[in-house]
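Student: I'd like to go through this one with you. Can you take my questions one by one?

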Amino acid sequence: MNGKEYDKNYITHADILSGSTLEFVMGSTPNPEWGAAPGSCPPSMTH
């Protein structure tokens with residue numbers, strides 16, 4: 001995002017409003033390790 005590696009599996013409304021740029025680099029096979037870390041998941045909206 002914005003020229004830097006982004007390891008989250010979500011984007012925030014604030015990122016969208018600020019005009020962030022998100023560039024996808026995709027391979028021919030999925031990477032099951034990408035976005036799997038606890039810090040990569042979105043925060044809970046129920047807490």
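Tutor: What follows is a short chat about this chain, starting with the ground rules.

Student: Go ahead, what are the rules?

Tutor: This is a predicted model, where local features need pLDDT of at least 70, side-chain atom pairs count only at pLDDT 80 or more, and totals for chains, interfaces and linings use all residues. Residues are numbered from 1 along each chain as its sequence is written, and side-chain values use heavy atoms, with hydrogens and water left out.

Student: How many helices and strands are there in the protein chain?

Tutor: One helix and zero strands. Helices (H or I, at least four residues) and strands (E, at least two) are DSSP runs, numbered from the N terminus. Helix α1 covers residues 13-17.

Student: What box do the C-alpha atoms fill?

Tutor: Roughly 35 × 25 × 15 Å, taken along the principal axes.

Student: And what share of the residues is buried?

Tutor: 9% of the 47 residues. Buried means under 20% relative accessible area, exposed means over 50%, and partly exposed is in between (1.4 Å probe, protein chains only).

Student: What about the accessible surface of the whole chain?

Tutor: About 4400 Å², with 59% of that belonging to carbon and sulfur atoms. The areas come from the Shrake-Rupley method with a 1.4 Å probe; for residues, only the protein chains shown count as cover.

Student: Which residues form a nonpolar patch on the surface?

Tutor: I11, I16, L22, F24 and M26. Together they have about 570 Å² of accessible area. Patch members need over 30% relative accessible area and no salt bridge; like charges are joined within 9 Å, and nonpolar side chains (Val, Leu, Ile, Met, Phe, Trp, Tyr) within 5 Å.

Student: Take L22. Where is it, and how exposed?

Tutor: L22 lies in the segment after α1. L22 is partly exposed, with a relative accessible area of 35%.

Student: New topic. How many salt bridges are there?

Tutor: The count comes to one. K8 pairs with D7, and the closest N and O atoms are 3.6 Å apart. The rule is a side-chain nitrogen of Lys or Arg within 4 Å of a carboxyl oxygen of Asp or Glu.

Student: Are those two buried or partly exposed?

Tutor: K8 counts as partly exposed at 26% relative accessibility. D7 also counts as partly exposed, at 40%.

Student: What is D15 in contact with, beyond its sequence neighbours?

Tutor: M1, Y6 and S20, leaving aside neighbours within four places in sequence. Contact means heavy atoms within 4.5 Å.

Student: So M1 comes up. Is M1 buried or exposed?

Tutor: Buried, with a relative accessible area of 14%. M1 is found in the segment before α1.

Student: What else does M1 touch?

Tutor: With neighbours within four places left aside, M1 is in contact with Y6, I11, D15, S20, T21 and L22. T21 is 20 residues from M1 in sequence and 5.6 Å away, C-alpha to C-alpha. T21 also touches N2.

Student: Now S40. Buried or exposed?

Tutor: S40 is buried, with a relative accessible area of 2%. S40 lies in the segment after α1.

Student: Which residues does S40 touch?

Tutor: D7, K8, N9, Y10 and G35, not counting residues up to four places away in sequence. A polar atom of the S40 side chain lies 2.8 Å from the backbone oxygen of D7.

Student: Last one. How far is S44 from G19?

Tutor: Their C-alpha atoms are separated by 24 Å, and the two residues are 25 apart along the chain. S44 counts as partly exposed at 40% relative accessibility.

How values were computed
A polar contact is a pair of N or O atoms within 3.5 Å; within protein, one must be able to donate a hydrogen and the other to accept it, and residues adjacent in sequence count only if both atoms are side-chain atoms.
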